[in-house]
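Hi,

Here is the structure I promised to pass on. Have a look at it first, and then read my notes below.

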Amino acid sequence: MGPLIPNELIPAEWNFVLAILIGIAFGYILEASGFSSSRKLVGVFYGYDFAVLKVFFTACVVALIGLNYMDYLNWIDMTQLFVQPTYLWAAIVGGFIMGIGFLAGGFCPGTSLCAVGIGKIDGIVFTIGLFIGIVIFSESFTWLQPLYEKSNLGHITLDETLGISPYLIIFIFTLIAILAFYISDVVRKRVKKVFY
Amino acid sequence: MSATYTTKKILVKRSYQFLALILILLAGGLFLIPKHQKHDGIPPEQFVKNLLSTERYISTDLLADRMVNQDPVLLLIDTRTTEEFEKFSLPNAINIPLAQMFDENLNAYLNQDIYDIVLFANDNFLANEAWMIGNRLGYQRLYVLDGGLNAWFETIIEPPYPKETMSKEAFELYAFRKAAGKYFGVANDTVEIETKVIKKKAPKKVITKPKKKKKMPEGGC
C-alpha cells in the first residue's frame, strides 16, 4: 500500500501541505515536551536530564520496529523508502561541528526554531548564529566541496554492509536503547539535580 | 513518604520496565514472523482485472493485415516447443518456448516497450500462460493471437467460402483473407479460374533471300 504519495494513493500535490502539517505537529510536540529549553537539551551532556536521549532513542526504536511490522503486513514497502546517502567524512566533520554548536548554544536546529516560536531570546540569538553559519558555509563551498562530495558511500544500510539480518540489528539496537535508558537513569541519580 | 506515593513510584518504575519488555518482545518477534515472498510486478487486483479483460486478444485478420502492411512494431513470438516451431510457424516469428521464458537472452524480447508482441501457439492455451506470466511481471504491450495457429489456418490459409445469403462484408472479408493467404504463400487456390488459352497462329516466317550484290569491277583503269 504505502508509501502513500509515491504510490499515488495521495496526489503528489499534497506533498508540501502534508509536510507543513507534519512539521507543525512535530514542532508542537517538541515544544510541549520542553525541548525548547536549552537547559533541558544540554542536560544530556551534564548528566542531569536525559529526556532528549530517551525521546529520540525511543522514537527511533519504535519507528524501526513499527516499519518492519508494517512492511510485513504490506502496509508499506520498505524498498521504496528513501535512504540518505552516506558521505562518511562530511558526516564526521559536520557531526563534530554540530556537536560543538549544540553544546555551546544549547539547541539543535529544530529546537532552536521552536524556541524562536515561543520568543526565547537565546533561541533567537542561536538562530541568527545558525544563519551566519549557513552564509559562511555557502560562501566557502568551493573550498569545502572536495570534503562535501568525497567519500560518498551511496545509499548504504548497516545490514547490507555487515551482511547480517536487519532483524538482528533491530534487536541489538533495542537492547542498546534500553541499556542506555537504564544507564542514563543511574547517572541522573548520581548527578546533582538542577532545577530550571 | 506516604504509602500512596511509594506505590505510585513502584507503579511508574514497573510501567517503564513493562514498556521496555514490550519493546524487546516486539523486536524479538520480528525474528518469528515468516518470511514472505514479495512479488514483482503489478498488484494481484490489477492482474485479475487484466485477466478477465479480453483486450489482450488480437484476431487473425487484424494480425494478417498488420503483417501484410509490414507493421514495424509488430513482433511475433511462438510459445510452442522448438520442434513444433521448426515444422511450421508464422513468418518472421521468434521461438520462445514457455519453459525458456526466463532465459536471459530470450527474456529481453518480452520485457520491453518498443514492440507490440503477439504471442501465439497452436491454440490460446500456451500463449495465454505466457501472457499471464508476462502481465503479472508488468511486461508491456503483450497480446495473444486469438485461437492461435488453428484459427490462423481456419481463417487465413483456408477461409470458408461465405454463404450466398451472407452480407457484403463477409464476402469482402473472404476476399481479404484469400488475398492475405496468397501473400503468405498459399499456392493451391480452391477457386479455379477458367482460363482460355487462345492459340495464336504463328505468323509465317518470311525468309528473305539476301540479294546478291553486284560486284563492282575491280581494278581497271
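Two strands count as paired if DSSP finds at least two bridges between them. Helices (H or I, at least four residues) and strands (E, at least two) are DSSP runs, numbered from the N terminus. Please note that this is a predicted model, where local features need pLDDT of at least 70, side-chain atom pairs count only at pLDDT 80 or more, and totals for chains, interfaces and linings use all residues. Residues are numbered from 1 along each chain as its sequence is written, while chains are lettered from A and ligands numbered from 1 in the order in which they are written.

Let's start with chain B. Its five strands form an open sheet with parallel pairing, in the order β1-β5-β4-β2-β3. β1 (57-58) and β3 (94-95) of chain B are at the edges with a single partner strand each, so one side of each has no neighbour in the sheet. Two bridges link β1(B) to β5 (residues 142-145) of chain B, and B:Tyr57 sits opposite B:Val144 in β5(B).

Now for the meeting of the chains. Nine residues from chain A and ten residues from chain B make up the contact (C-beta atoms, placed from the backbone, within 7 Å). On the side of chain A that touches chain B, α3 (51-72) and α9 (166-190) of chain A each supply at least two residues. α9(A) gives the most, with five residues.

Finally, after helix α7 (residues 141-149) of chain A comes A:Ser151, whose phi is positive, near 50°.

Enjoy exploring!

Definitions and conventions
Two residues are in contact if their C-beta atoms, placed from the backbone, lie within 7 Å. A residue is buried if 20 or more other C-beta atoms lie within 10 Å of its own, exposed if 12 or fewer, and partly exposed in between; C-beta atoms are placed from the backbone.
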